[in-house]
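Thanks for making the time this morning. Please have a look at the model on the screen, and then I will take you through a few of its features.

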Amino acid sequence: MFRPKIPTMPTPTGHTTPPVVIEPTKVIQRAPATTSAPAAQSPSRPVLQFSPGAVIALVGSGTAVVLVVGAVLVSMLLAVAITGASVAVCALVIRSLITADAKRR
């Protein structure tokens, strides 16, 4: 009554098809077509050329962005830490007030 009943796998009935044998295909290598003269290709995009002043400006602006983002993230982390510490101090003060009030009665 309490034993699980495991279903038995019925025997397959009907016709089964034999597996199909797949033969490998042959790779035919062709000789590359030779061209008499290579065609001149135009570049799809114009080439950017930076002056030394532009490179210095890009590096300086990238450094400024990294410093600003880092300062913002550090200040957010500090705000969370200060908030957590103040909540813990408030919890300790409330707990001590409750226990002190219970001892006076």
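Let me begin with a term: helices are DSSP runs of H or I with at least four residues, strands are runs of E with at least two, and both are numbered from the N terminus. What you see is a predicted model, in which local features need pLDDT of at least 70 and side-chain atom pairs count only at pLDDT 80 or more, while totals for chains, interfaces and linings use all residues. Residues are numbered from 1 along each chain as its sequence is written, and side-chain values use heavy atoms, with hydrogens and water left out.

The chain has one helix and zero strands. Of its 105 residues, 0% count as buried, where buried means under 20% relative accessible area, exposed over 50%, and partly exposed in between, with a 1.4 Å probe and protein chains only.

Val72 sits in helix H1, which covers residues 52–104, and it counts as partly exposed because its relative accessibility is 42%. Ser96 also belongs to helix H1, and since its relative accessible area is 38%, Ser96 is partly exposed.

Which backbone oxygen lies 2.8 Å from a polar atom of the side chain of Ser96? That oxygen belongs to Val93, and the pair can be looked up on the screen.

How values were computed. Polar contact = N/O pair within 3.5 Å; in protein donor to acceptor, adjacent residues only side chain to side chain.
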